[in-house]
Amino acid sequence: MPGVTNDLILETLKSVKDPGSGKDIVSAGMVQGLQTKDGHVAFAIEVDPKRGAEMEPLRKEAEKKVHAMPGVVSATVVLTAEKKAGPAPGAQGGRPTQPGQPVPPKAGGDILPGVRSIVAVASGKGGVGKSTTAVNLALGLAAAGHKVGLLDADIYGPSMPRMMGISGRPNSVDGKTLDPMQNYGIKVMSIGFMVDEETPMIWRGPMVQSALEQMMRDVNWGELDVMIVDMPPGTGDAQLTMAQRVPLTGAVIVSTPQDIALLDARKGLNMFRKVDVPVFGIIENMSYFLCPDNGKRYDIFGHGGARREAERLGVDFLGEVPIEIPIREHSDAGTPIVVSMPESSAAENYRNIARTVWTKIETATGAKAAPRIVIQ
Ligand code: ADP
């Protein structure tokens with residue numbers, strides 16, 4: 001039996017009417033974050049927060065109708081009181097400033113007033129080492145003396161709590177905002193601190209947008225030079241919306257050298273271009289393997305694909321990271337290599353990549369003051 005599709009679901013949902021406006025919920029643009037996987041359907045209905053309680057029957061009706069569709073195994077519908085996406089402040093790649101002018105700390109606009117720049121770390125697919133790269137890049141930036149935050153937006157597979165060696169739940173002093181967790185000198189926020197690992201993945205779909213906004217707006221990030229956002233893998237609608245909603249200064253794409261992974265990287269590139277976010281460049285991860293026994297180098301996935309592809313696509317190549325057992329061991333143990341083995345060549349490599357990324361941030365935000373000419 002052919003699986004149920006988003007189009008079919010939307011068609012069905014057109015029969016659900018918002019009693020307030022009299023319009024169906026699809027035409028009224030109230031259906032958000034629709035996700036379908038193996039017959040499991042989840043989405044959110046965006047409602048006016050004041051009308052939340054009276055919308056419950058509407059939610060139930062939508063859920064019931066979708067659940068009754070052939071091919072649907074489960075339907076999870078939640079109400080969300082989210083605001084419509086406006087143009088993301090800073091989404092054009094930072095604020096233009098006159099050379100020599102101080103840069104106002106406003107990459108994050110109203111939601112993140114103290115954050116000077118936000119950089120997404122993305123990948124075309126999972127398992128390429130995006131999170132490992134995000135962590136070590138963040139720590140590399142911190143090692144250079146920058147104030148760094150790490151936002152784990154990978155709602156489907158949050159790995160920051162484990163990789164950063166943080167457990168427990170964030171504290172709230174005023175009952176309204178959360179204090180970010182901290183380790184190795186950087187502030188960290190992840191849905192993994194809030195949602196139990198057992199929460200079904202499918203349920204997280206509709207939560208993506210609101211959770212992300214909450215993790216930005218309702219967390220006391222304070223003053224940051226840069227916030228690194230570990231994006232969910234892939235280049236689908238969820239990622240696209242996210243890229244639109246987060247006021248990104250730029251994006252870094254992580255890819256392995258394999259052709260297929262590169263194809264995915266290309267999609268990532270196009271995604272950011274669509275939403276006018278400058279792509280700082282591509283990092284090739286798992287570039288080659290240096291055998292610890294004989295020092296011999298093995299190009300397991302074929303080396304250099306990302307560099308060639310970056311050239312072809314006209315984006316910068318930011319660096320390559322070999323497969324090294326300690327990178328994985330330290331990543332999995334919550335002691336990232338940049339802090340646990342700062343003398344290693346791997347750590348130095350990440351710090352170099354971080355330096356290149358910082359230059360890109362400075363260029364994008366106009367933060368680097370032009371040399372002042374003093375006439376005496
Ligand atoms: P993603 O975020 O793309 O899903 P992860 O960062 O979780 O990928 O990495 C997947 C696995 O590969 C993890 O176990 C991680 O420790 C390991 N890994 C990532 N990069 C490297 C590397 N350069 N060398 C060795 N292991 C790596």
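What share of the 376 residues in the chain is buried? Buried residues, those under 20% relative accessible area with a 1.4 Å probe and only protein chains counted, make up 50%.

This is a predicted model, where local features need pLDDT of at least 70, side-chain atom pairs count only at pLDDT 80 or more, and totals for chains, interfaces and linings use all residues. Residues are numbered from 1 along each chain as its sequence is written, and side-chain values use heavy atoms, with hydrogens and water left out.

**View 1. Polar atoms at the ligand.** Here we look at pairs of N or O atoms within 3.5 Å. An oxygen atom of the ligand is 2.9 Å from a backbone N or O atom of Gly 129. For ligand nitrogen, a polar side-chain atom of Asn 285 lies 3.0 Å away, and a polar backbone atom of Pro 322 lies 2.9 Å from a nitrogen atom. On its own the ligand has 550 Å² of accessible area (Shrake-Rupley method, 1.4 Å probe), and the protein covers 83% of that area.

**View 2. A charge over a ring.** The charged end of Arg 297 sits over the ring of Tyr 288, 3.8 Å from the ring centre; the cut-offs are CZ of Arg or NZ of Lys within 6 Å of the centre and within 35 degrees of the ring normal.

Technical notes: Polar contact = N/O pair within 3.5 Å; in protein donor to acceptor, adjacent residues only side chain to side chain.
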